[in-house]
Amino acid sequence: MKNNLLKWLGLCAAASCLFAARTAASSPERQEKYVPAQEVLKSREDFQNDKFGIFIHWGIYSMLGQGEWAMNTLGISKDEYSKLASGFYPSKFNAHDWVAAIKASGAKYITIASRHHDGFSMFHTKQSDYNIVDATPFKRDILKELSEECQKQGIALHFYYSHLDWYREDYYPLGNTGHKSGRKKHGEWKSYDAFMKNQLTELLTNYGPIRAIWFDGWWDKPDWDWHLPEQYALIHKLQAGCMVGNNHHRKPFEGEDFQLFERDLPGENKAGFSAGQSISQLPLETCETMNGMWGYKITDQNYKSTHDLIRYLVNAAGKNANLLMNVGPQPNGELPAVAVQRLKEMGEWMKVYGETIYGTRGGVVAPHNWGVTTQKGNKLFVHILDLKDKGLYLPLSQKVKKAIAFKDKSPVKFKQDKQGMILYLDEVPTEVDYVVELTLEQKSK
């Protein structure tokens with residue numbers, strides 16, 4: 001009896017040590033302090049200056065026309081779902097046309113899903129035959145073609161990568177999703193961990209310069225040890241300028257280079273993902289859908305208006321964040337015509353007002369109900385989005401030398417004292433974004 005008790009106590013102690021070790025390994029607070037390389041700091045700055053990117057969710061799920069979560073939401077087994085690959089032949093895919101349409105929008109970078117939660121790889125990986133080259137009649141590596149075209153047209157490329165997998169047996173124990181995939185075997189996690197690291201190595205070795213890896217799926221098993229420090233170190237080692245971001249809906253972990261906000265601007269929680277997510281000092285990015293879904297959904301034609309998309313971009317910039325606007329390509333490889341039209345119209349606006357967005361940071365006047373400000377040096381751009389009268393008070397103590405309407409450079413009357421300033425407009429603004437450019441007096445050093 002005593003021996004059994006001692007044995008039981010020993011097992012408890014061992015389990016406690018194992019739990020403590022796992023907690024120490026997975027807790028961001030317990031990691032060694034991350035010192036980003038100069039190349040990463042340069043990428044962070046370029047990223048912040050770009051302000052606008054396009055997100056692409058595309059995979060064999062597009063054939064079902066029910067969004068990227070179709071395998072899980074429809075309860076399709078992995079054996080049935082995988083049959084989609086044998087019929088995936090996106091004959092209209094053209095990397096040049098994609099990048100050209102995205103570039104025309106004024107966007108400066110693309111983030112594309114290399115592997116989503118369904119486990120299907122949209123690149124030619126040696127780690128599994130379940131990929132676009134080996135498992136489909138298409139036989140083309142779309143990430144390779146896209147990477148080459150991005151380099152030709154001067155667009156930065158980021159790769160989305162899912163930590164979560166509904167297909168592989170070694171994604172075990174299961175998390176909060178993927179329970180209807182029909183997985184009966186229980187593989188070893190170390191095999192899946194090696195698989196991910198090998199795929200990340202491929203993505204950062206065979207596809208040219210990649211500016212960021214955009215992780216997703218940590219939330220499926222938030223208490224699990226994902227070995228993030230090892231993954232992050234591997235990424236930074238393979239490409240010194242490659243940033244790491246993780247859509248875990250928490251404050252950034254050690255080793256991450258930018259902070260993500262899903263369907264919300266920094267400081268908001270309308271979508272319910274950012275309840276405990278305070279705003280860090282890292283570069284910020286908010287991602288949002290152009291219609292209602294990330295992946296292609298045939299019945300979802302509820303696209304946001306160009307007016308609303310422009311205002312979302314402006315509000316993001318005013319909150320010191322980038323906007324990553326999503327497009328879900330059709331199964332034939334084309335970008336939806338409505339999305340292309342929205343991109344074109346956003347680009348037309350950016351041709352005129354891009355100076356008030358690109359290279360700016362959130363202005364010294366905080367966001368208000370009437371709009372936001374962006375700033376570049378001694379230029380403060382006042383973006384008036386919703387004003388009910390012809391006067392606007394700004395709590396600005398720094399002396400203003402000149403105020404002009406950005407579009408036509410006509411002078412704007414103003415009055416300033418120690419408490420702030422008032423702009424006097426000729427009429428109540430009705431434009432999508434009425435911008436007043438203020439030239440501030442340089443502060444003496």
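Four cavities of 30 Å³ or more are held within this structure; a cavity here is a set of points on a 1 Å grid over the protein atoms alone where a 1.4 Å probe fits but cannot get out. Grid points are joined across faces, edges and corners, and a volume is the space filled by probe spheres set on the points. Before I continue, please note that this is a predicted model, in which local features need pLDDT of at least 70, side-chain atom pairs count only at pLDDT 80 or more, and totals for chains, interfaces and linings use all residues. Residues are numbered from 1 along each chain as its sequence is written, and side-chain values use heavy atoms, with hydrogens and water left out.

The largest cavity contains about 80 Å³ of space. Its lining comprises 14 residues, and Asn291, Tyr303, Val327, Gly328 and Pro336 lie nearest the centre; a lining residue has an atom within 4 Å of a point. By class, this lining divides into 8 nonpolar, 4 polar and 2 charged residues. Ala, Val, Leu, Ile, Met, Phe, Trp, Tyr, Cys and Pro count as nonpolar, Asp, Glu, Lys and Arg as charged, and the others, Gly among them, as polar.

I turn now to the backbone. The peptide bond from Tyr172 to Pro173 is cis, with omega near 5°. Pro173 sits in the loop between strand E3 (156-162) and helix H7 (189-203); helices (H or I, at least four residues) and strands (E, at least two) are DSSP runs, numbered from the N terminus.

Two histidines also deserve mention. His227, although not a glycine, has a positive phi of about 60°, and lies in the loop between strand E4 (212-216) and helix H8 (228-238). His249, likewise not a glycine, has a positive phi of about 65°, and belongs to the loop between strand E5 (243-246) and strand E6 (259-262). Is each of them buried or exposed? His227 is partly exposed, at 24% relative accessibility, whereas His249 is buried, at 13%. Buried means under 20% relative accessible area, exposed over 50%, and partly exposed in between, using a 1.4 Å probe and protein chains only.

Finally, the chain as a whole. Of its 445 residues, 54% count as buried. The C-alpha atoms fill a box of roughly 85 × 60 × 35 Å along the principal axes.

Definitions and conventions. 1 Å grid on protein atoms, 1.4 Å probe; cavity = no way out; pocket = protein on both sides within 12 Å on 5 of 7 lines; lining within 4 Å.
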